[in-house]
Every structure is written in structure tokens, then in C-alpha cells.
Amino acid sequence: MLCAILAVFSGQSFAEELPQVDIPEVKVVGNVPSSNWRLQPGAKDYLRDGEVLTTNDLKTKRAVSLGQTVEQVSGVQNNAYGPNTGVPQIRSLSGSRVYVSENGLGISDAASVSPDLPLMVNPFMAEKITVLKSSAAVLYGGNAIGGAVDVDTGVIATELPEKDLNSKVEVSGGYNTPRVAAFKLNGKVGNVAWHLSGADTHANDYRIPGDSKPAACYDHANIYSSRLMWACQVTPDITETLNKGYYRYVAKDIPAFIEQWKRYNDGSEPDESELYKLNKPFWGNWVENPLYDGSPNFRNKVINAMKDDMPVEKGRLKNSHLSNQNFAFGLSHIGERSYAGVSVSRFLSKSGIAGFGYYNFAESGHHHGGTHKAPVREYASVRAQQTRWQAEAMYRPLTPWIENIKFQAAYTQNPTSEYLGDTKMQTLDSKTFQSRLEFNHKAGSWLKGTLGADWKQRSTESSGINGKRTGNYAYLPDTDSKEYGIFAFENFKWKNWNASLGWRHGEVRHSVDIGDYKPGRNSSTVKGLEERGRLKYSLNHYHAGLGVDLFDFLKLGARYSRSQRAPEVNELYAGGDHYALMASESHWGVDVLRPETAGTWEVNGEIGWKDGRFRASWYKTQFKDYTFLVDAAHDGGQRLPTKYWRSGDTQLHGVELEVNQWFDLNKYGTLEARLFGDFVHNRADLDDERNSTLGNGNRVRNNGYYMPNMPVSRYGAGLTWNKGNWQLATGHQLDTLPPCQTYRPHGCQLQRACFGRLYHVGYVHEPYHQTWKIDSRMVPRCTQPCQPYRKTAKLHAQIYRTIARPLRPRWCKADVLS
């Protein structure tokens with residue numbers, strides 16, 4: 001204290017003795033590092049159609065699957081395969097058309113090959129989720145032809161935390177919702193930041209309002225629709241008796257006829273039908289049948305019951321349980337102008353395929369010889385695990401035109417298996433190494449952009465029953481995929497105008513290792529598979545956009561993108577029984593070998609006012625060589641329908657509307673009201689003969705004019721109230737499919753309406769980060785005003801999604817609809 005006082009007085013005395021001098025102004029040019037490296041621009045920040053779910057948003061939106069978490073974003077829905085497995089569906093596109101990444105790099109590809117397989121990412125550990133609607137292929141390649149979703153978990157710290165140790169513990173649960181226990185620890189030692197997190201998620205079988213199967217499954221009129229009965233997992237119990245009224249003639253002397261029959265047939269008794277004949281034989285003694293009444297059927301069938309193959313329980317969806325565990329650990333060194341970090345994560349998942357069981361032919365001896373016994377049905381489940389190593393570094397040089405240079409790399413191993421009971425039926429084991437380099441730059445205030453390159457190599461080993469690969473065991477042969485891309489994306493700004501240009505070139509190749517693999521029936525020969533393995537796809541992507549800000553409240557924009565996607569390994573090589581899809585899946589024809597090309601136009605606008613906004617978008621996409629699964633007219637054996645991978649031109653268009661209004665309730669907190677609606681059609685282009693001719697599989701005849709399992713329109717409303725650490729949210733949503741209709745005069749589709757509510761009450765207390773939550777989720781109930789006579793349903797996920805199988809033209813009548 002004394003030294004400080006003396007220094008002040010001595011400074012004042014010294015200042016009084018020296019004359020004042022004017023120092024010339026010196027202009028210093030340079031970049032000042034942000035205190036938060038997460039705010040530094042990256043590639044995904046340059047596409048202007050992104051929707052960001054912040055930590056606060058995720059408090060009420062996160063759910064057991066990523067699809068459920070982001071489905072409240074306008075234009076995004078949950079492509080669910082049961083209540084526990086759901087992937088983002090952006091404008092009706094999902095799977096291998098939507099790029100899903102964790103901390104900037106792609107995660108497991110297994111879910112794009114089979115929709116019942118889980119995405120190995122836990123939304124409860126997310127700090128931020130970014131959704132890019134429309135094509136993001138210029139940045140991420142063909143697997144982003146329909147958009148991209150990035151989950152930021154913060155496992156690699158980009159800045160030093162304020163405290164040496166921060167912690168957060170969350171326990172959540174409630175009625176009919178998963179029970180989650182999660183924690184996060186962040187700390188620092190000198191310039192090294194560390195992160196440790198983990199979560200344990202469990203869910204019992206879900207409760208549902210009513211039955212898990214529609215009335216069509218128990219309708220006696222549907223007993224001859226074998227595919228419907230297989231999908232419903234229902235077996236009719238039928239007793240048949242001879243209809244004597246069908247036959248015109250009967251043996252005159254029945255006892256004498258029986259004795260004569262026994263003499264000529266080693267004493268065996270004749271079947272009752274041998275005593276009656278429709279046409280009078282030239283032998284024996286026959287007379288007019290007094291019981292003849294002209295009946296059309298020679299047997300009378302009495303349906304005693306419609307028996308469920310697997311146990312059902314009213315009000316409960318059997319086999320919908322879930323168990324997930326994951327942890328992550330990361331270390332980062334934080335410098336003045338850079339950071340570098342590494343992380344490792346582990347994810348374990350086990351879930352039932354809701355309501356679904358199948359005949360275990362392996363245990364009955366049908367697959368491995370020996371004594372055959374009647375196959376029994378067992379519940380189906382999915383068991384998956386993932387180990388992921390990731391490294392990330394960013395450097396911000398003093399050069400004024402370079403924002404930063406960012407490098408990322410990851411190695412992921414992801415074995416995923418489908419089980420019937422305790423028997424392993426199918427396994428996909430993928431090992432992926434990927435890397436990405438970005439040069440994010442700027443020039444004054446008029447130009448910002450990114451230049452970069454990425455590379456990925458993935459090897460996938462496939463095996464069938466109990467790990468076997470011989471015979472028709474494996475669903476796919478072993479494959480090795482390599483792809484790379486170089487890209488550039490620039491944003492320009494002048495006054496109230498902005499424009500963007502993007503370009504990407506890449507190459508993709510899926511080579512095949514046949515080994516002892518044997519293709520399934522209806523698939524290519526070994527030679528044909530090897531020829532497909534030599535294919536190399538050269539892909540080009542383009543983007544152009546223009547926008548303007550008018551006045552202080554109106555924004556308008558337009559964009560065009562052209563994107564290409566190479567076929568995935570299942571589209572090229574699938575050739576076996578796929579139990580989760582209840583199909584014998586195969587590739588067919590050379591049209592699927594061509595890359596998929598999409599041209600998209602989009603126009604959007606936004607009107608803002610005090611505490612509110614209105615946003616609208618219109619888009620139209622023309623797909624050339626769109627790849628899809630089409631039903632065949634025959635069955636693939638083992639009670640599985642045959643489905644082929646085919647291609648055909650497809651049109652996609654839609655509209656999105658959203659209104660948000662925020663209210664300041666003063667001491668009572670804040671209230672946000674939201675109204676939204678989105679409309680999308682994904683339908684066959686009838687100018688392409690591949691969609692309508694019998695020789696090409698007749699997509700419209702077998703699958704309908706609209707693509708099955710695709711949403712059409714959705715409307716909803718929501719309210720979110722916040723006050724301090726308290727939060728309450730509720731929402732209501734209506735989904736519909738196309739109405740039952742006949743088109744030229746091809747197939748019919750179902751109309752569906754689903755209703756659901758979500759209630760969430762949460763409390764967060766700082767600074768100890770203790771969290772508790774009550775989360776009650778009502779499982780949506782689907783009502784179906786019309787039921788087609790011939791329909792296939794994902795009945796193990798009936799309460800979430802129904803595929804509307806089309807009707808043949810002669811069946812499009814009111815008397816076959818319930």
C-alpha cells in the first residue's frame with residue numbers, strides 16, 4: 001500500500017516537471033483472437049439456411065434419438081423406425097442423403113444402410129445442434145444432397161474454462177419416457193483444458209393408447225394377403241370342410257364305392273372329396289347331387305381366430321425397450337492464437353425393434369442342415385457399439401485475410417448386429433478414417449469464404465448368422481470405400497445485397513472383396529459384383545445464391561444448387577435377407593449404377609417486427625436417377641417379400657411457414673409462441689418410363705405415385721415459458737399423408753393423422769449445475785380413415801409410422817376400404 005501511494009505521488013511530481021508532447025497516431029492492423037474459438041467461422045457457417053438449436057433450446061427439444069430432437073425444426077421430421085431409433089428427415093430426404101456429423105466430422109454410416117440401426121450420437125450430451133436444410137453437398141459431398149446435421153458435444157475444448165473445475169449432473173425421467181442420468185466435468189491445468197462426460201439411458205416398453213396393430217390386421221377379408229399377414233405378424237386359424245354344394249354329382253352307392261376304393265388303394269380310406277365330382281366321370285355309378293347349389297368354392301372356410309405370432313398387450317408396445325451408455329474424454333492445449341486437442345468416446349446401444357419378431361430359421365436347422373424342426377418366432381433387437389478417436393486443431397495467423405486454418409481427423413469403429421433372440425442374424429462392422437482441412441478467409445467486409453479438402457476411407461465387413469459368410473448368410477459382401485473432395489465457398493456483401501458461390505469436385509469408389517461370399521438369388525453373379533466394384537464416380541456440385549435486405553424488416557433470398565450422389569454399398573451390392581426391413585433385398589438393373597443428380601431452386605423470405613418474425617420458404621428439386629426400393633411381384637422365400645434397388649426420375653417440392661412471437665411477462669418471465677406448417681411432395685416423374693412400365697419394375701403400380709413412407713404436410717403450434725431457471729414447454733402437431741386417391745389410374749395411398757403432446761418442466765440451479773426434470777411424452781396415436789385391402793405396415797413401429805402400400809388399379813374401390 002505504501003509503495004503504491006509513493007508511486008502515485010512520484011508520478012504526479014515527475015509529470016509536472018516535464019513538458020507535454022503530442023504523440024503521433026499509429027494505426028495498428030491485425031486480428032485480435034476471439035475469447036471463444038467456437039465463434040470462429042467454419043465451413044457450415046457460410047451456408048445461410050442453418051437452424052441452430054442452442055443449449056437453451058435443447059432443454060425442451062432433446063429426446064432419445066436425434067430425429068426426435070430436431071423434428072420441431074420447420075421442414076425437418078423424424079424418420080422413425082420405432083420409438084428409440086430415428087434419423088433426421090429433411091424435406092422428405094434422409095439416410096445416405098442427409099450428412100450427420102459429430103463435432104464437424106461424419107459419424108457411423110450404418111444407419112444409412114439400414115434404418116433400424118441407431119445413430120451413435122446422444123442428443124442429451126449435445127451443447128449445440130446445427131441443421132442445414134437443402135443441399136449442403138458443396139461442403140460435405142453427395143451424402144449431404146438433402147442437407148446436413150451437426151451435433152456439437154464440446155468434448156474438445158476450444159477455450160480455457162473460467163474455473164479450474166466445472167460440473168453438471170442431470171437426472172431426468174417421467175411417465176413413458178426414457179430415464180437418463182448424465183454428467184459433464186470441465187476443468188483446466190495451466191493451458192490444458194480437459195472434458196469428461198457420460199450418460200446412461202434406459203427405457204422400458206412404451207405405453208400406447210389402445211392396440212399396437214391396426215384393425216386391418218384382424219380383418220377376415222385380408223387372410224389372403226400374405227404380405228399383410230406377415231407384416232402384421234398374425235396367422236389366421238382356419239378350419240376347412242368340404243362344400244358338398246359345389247359338386248354336381250355324388251357316388252350312388254357310397255359304401256360300395258368305399259370298399260372298391262380300398263381294394264385298389266391298399267386298404268386306405270378315400271378322402272371325402274373323392275365321393276363328389278363336378279363333372280360326371282365315365283366310370284362308376286354317379287347320380288345328381290341333391291345338395292348341389294352352385295357354390296363357387298369347393299371348401300368352406302371357417303376362421304376361428306386371428307392369432308398374433310408374438311405376444312401383444314393392449315396399451316403397451318412390446319419389445320420397445322432401450323439401453324444406451326456412452327462416455328467421452330478430451331484434452332486440449334489452448335494457445336494465444338491456436339488450440340489443439342484429442343478425444344476418445346465410447347457408445348453402447350441395445351434396443352428392441354418395437355413389436356417385431358421373426359422366425360429363427362437358424363435355430364430350427366433350416367440354414368445349417370441337420371434335423372429340421374418347426375421354426376419359432378423370437379423378438380428382434382439391435383446391438384451396436386462405437387469407439388471413436390478424434391483430433392482437431394485450429395490456428396489463426398496474423399495475416400489479415402485469413403480468419404483461421406482448421407484441421408480435423410477421426411477414426412471410428414462401429415460393429416452393429418441384428419439379433420433374433422440370442423442368435424446373431426446380421427452384422428455390419430465398419431471402420432472409418434476421415435480428415436478435413438479448411439482455410440477460412442476474408443477480404444475486408446465484402447468477402448468471406450472457405451477453401452478446403454476432405455478425404456474418407458471406410459471398410460465394411462458383413463456377416464450373417466453367427467458370423468458366417470458362406471451361402472446366403474451375409475446381407476452384403478465386404479466393401480472398401482474411398483472418397484475425397486476439394487471445395488470452395490465464397491460469400492459476397494455489398495451494401496444491403498449479399499451473394500454466394502460454391503463449387504466442389506469429388507470422387508467416390510466402392511470396391512468389393514468377394515472372398516467366400518455367395519450372392520443371394522435374384523442378385524448379380526460374382527462376376528457382376530466385381531464389375532460394379534471397379535466403378536469410379538466423379539461428382540461435381542455447384543451453388544449460387546442471391547439475397548437482399550429491404551428496409552429494416554424484410555429479407556429476401558434465392559438460391560440454386562446442383563448436387564450429385566454416388567450409390568451406397570447397399571444400393572450396389574445388397575443381396576440377401578434383411579430381417580429388420582422384412583424384405584429379401586436385392587440390386588437389379590444397370591440404372592442404379594448411375595450417380596444421382598439433383599437440381600434445386602429455393603426462394604425464401606423473412607419479415608421481422610418487434611419481438612416477432614415470419615419466415616417462409618419455397619423449394620423445388622428435380623432428381624435424375626433417384627434411387628429407391630421397389631416391391632416386386634414375387635416373394636423372396638422364408639416369408640419375406642422381394643424388394644429391388646431401382647432408379648427413376650423424381651420430383652420434390654414444398655413450402656415451409658413459421659411464425660414466432662415473444663412476450664415479455666415482466667416479473668412472470670417470458671413466453672414464446674410458435675406456429676408452423678410445412679408441405680412436401682416426393683413423387684414419381686411420369687415422363688420417365690422407368691416409373692411406369694412393367695418391364696422396369698413399374699414403380700407407380702407397385703409403390704404408388706407418391707413415394708411410400710414420406711410425410712406430406714405437417715402443422716403445429718407450441719408455447720415455451722421461461723422464468724429464471726424454470727422452463728415449461730408444450731406442443732401439438734398434426735402429420736398427414738396423401739389422401740386415398742387414384743392417379744392415371746395408378747395406386748392408392750393412406751391418409752394418416754398423428755397427434756402428440758410433449759410436456760417438459762425443468763429446473764437448473766447455478767453455479768452447481770444441478771438439474772432435475774419431469775419429462776412426460778405421450779406416444780403419438782395414428783388414426784387411419786381409410787385402409788387399403790392390400791397394405792404392408794411397419795407394425796413393429798405402427799404408432800410412429802405406417803407405410804401405405806398401393807392398391808392395384810382394379811382394387812381401387814370403396815368396397816375394399818374400411
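In which strand is the place of F679? F679 lies in β33, a strand that covers residues 670-684. Helices (H or I, at least four residues) and strands (E, at least two) are DSSP runs, numbered from the N terminus. The model is predicted: local features need pLDDT of at least 70 and side-chain atom pairs count only at pLDDT 80 or more, while totals for chains, interfaces and linings use all residues. Residues are numbered from 1 along each chain as its sequence is written, and side-chain values use heavy atoms, with hydrogens and water left out.

F679 has a relative accessible area of 31% and is therefore partly exposed; buried means under 20%, exposed over 50%, and partly exposed in between (1.4 Å probe, protein chains only). Together with W601, V603, W618, V655 and L657, F679 makes a nonpolar surface patch of about 540 Å². Patches are made of residues with over 30% relative accessible area and no salt bridge, with like charges joined within 9 Å and nonpolar side chains (Val, Leu, Ile, Met, Phe, Trp, Tyr) within 5 Å. A salt bridge is a side-chain nitrogen of Lys or Arg within 4 Å of a carboxyl oxygen of Asp or Glu. Areas come from the Shrake-Rupley method with a 1.4 Å probe; for residues, only the protein chains shown count as cover. At least two residues of the patch come from each of β30 (596-609) and β32 (641-664).

Elsewhere, five strands form an open sheet in the order β1-β6-β7-β4-β5, with mixed pairing. Its edge strands, β1 (50-53) and β5 (105-106), each pair on one side only. Two strands pair if DSSP finds at least two bridges between them. β6 and β7 (residues 147-152) run antiparallel and are joined by six bridges, and T130 stands opposite D150 in β7.

E127 is in the loop between α4 (110-113) and β6 (128-133). E127 counts as partly exposed because its relative accessibility is 27%. Its contacts (heavy atoms within 4.5 Å) include L53, D152 and K184, not counting residues up to four places away in sequence.

The largest nonpolar core has 32 residues, and V113, I353, Y358, L476, Y537 and Y573 have the most contacts inside it. Such a core is a set of buried Ala, Val, Leu, Ile, Met, Phe, Trp, Tyr and Cys residues joined through side-chain atoms within 4.5 Å. β19 gives the most to this core, with four residues. A second, separate core of 19 residues includes V73, V100, A111 and L119.
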